[in-house]
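Open the structure in your viewer and keep the selection tool ready. The tour goes from one selection to the next and says what is found at each.

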Amino acid sequence: VWKYYFDFDLEAIAQHYEFKTNYIDLTRNRDVAEFFAYTYFDNKTQSYKPITKEYKPHLYRAKMADVIQYDTSIFQIVGFQGCLRPLNQQAMALDLNNGNTTIRDNLFETIPLENSEQKAKEIFDKFEGGKLLFPDETILQLKNIIDNDLIIPEQFITKYSRTFNVPRHKVKSL
């Protein structure tokens, strides 16, 4: 694109379209983080809703220098992936595929947020109920095919097999 090359991270894309991955989502945008702290996904309506009951919202904050210093192999800048969700969510991630499933206890600071129905509705409205973070995209058609038909394109199996050094027959059995 415009003489620039992009390396697509299929697992990062999958993470942002509700597939299970070994990524833990991070964002550098506090408002985006608050959206997820003050809302929940309603499976019945298939949409986000502001939390209106008694709860204890909070965020986790870390200095990027500390995360990178801790283990550079787990930190991923997701950002532009040819899809809008990661871009709109200013996405970053901790990639736990390398077998490192423990994160130093003091790496993240817990930030309590006010328990406020009004704040939940404000942040919900700010992102138009999530539409600004979850735009309707062509990639959703692929997600629906995989979800509904249980069909995974052969090239994804091949890519996964090569990326994670897993024999193809084992990938198919996952």
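The stops below cover a pocket, some salt bridges and a helix.

This is a predicted model, in which local features need pLDDT of at least 70 and side-chain atom pairs count only at pLDDT 80 or more, while totals for chains, interfaces and linings use all residues. Residues are numbered from 1 along each chain as its sequence is written, and side-chain values use heavy atoms, with hydrogens and water left out.

**Stop 1: the second largest pocket**

Select Asp25, Leu26, Thr27, Ala33 and Tyr60, which lie nearest the centre of the second largest pocket among its 31 lining residues. A pocket here is an open set of points on a 1 Å grid over the protein atoms alone, where a 1.4 Å probe fits, with protein on both sides within 12 Å along at least five of seven lines; lining residues have an atom within 4 Å of a point. The space in this pocket is about 870 Å³, a volume being the space filled by probe spheres set on the points, which are joined across faces, edges and corners.

Next, colour strand E1 (23-27), helix H2 (30-38), strand E4 (58-61), helix H3 (64-70) and strand E6 (91-95), the elements that each give two or more residues to the lining of this pocket. Helices (H or I, at least four residues) and strands (E, at least two) are DSSP runs, numbered from the N terminus. H2 gives the most, with five residues.

**Stop 2: salt bridges**

Stay on H2 and select Arg30 and Glu34, which lie four residues apart, about one turn of the helix. They form a salt bridge, with the closest N and O atoms 2.8 Å apart. The term means a side-chain nitrogen of Lys or Arg within 4 Å of a carboxyl oxygen of Asp or Glu. Glu34 counts as buried, at 6% relative accessibility, whereas Arg30 is partly exposed, at 42%. Buried means under 20% relative accessible area, exposed over 50%, and partly exposed in between (1.4 Å probe, protein chains only).

Now select Arg168 and Glu154, whose salt bridge has its closest N and O atoms 2.0 Å apart. This pair links distant parts of the chain, with Arg168 in helix H8 (residues 168-173) and Glu154 in helix H7, 14 residues apart.

**Stop 3: helix H7**

Which residues of helix H7 (residues 154-164) are buried? Select Ile157, Thr158 and Ser161. These residues are on the same side of H7, because they cover an arc of only 100° around the axis; the arc is that of the directions from the helix axis to the C-beta atoms. End at Asn165, which follows H7 and has a positive phi, near 50°.
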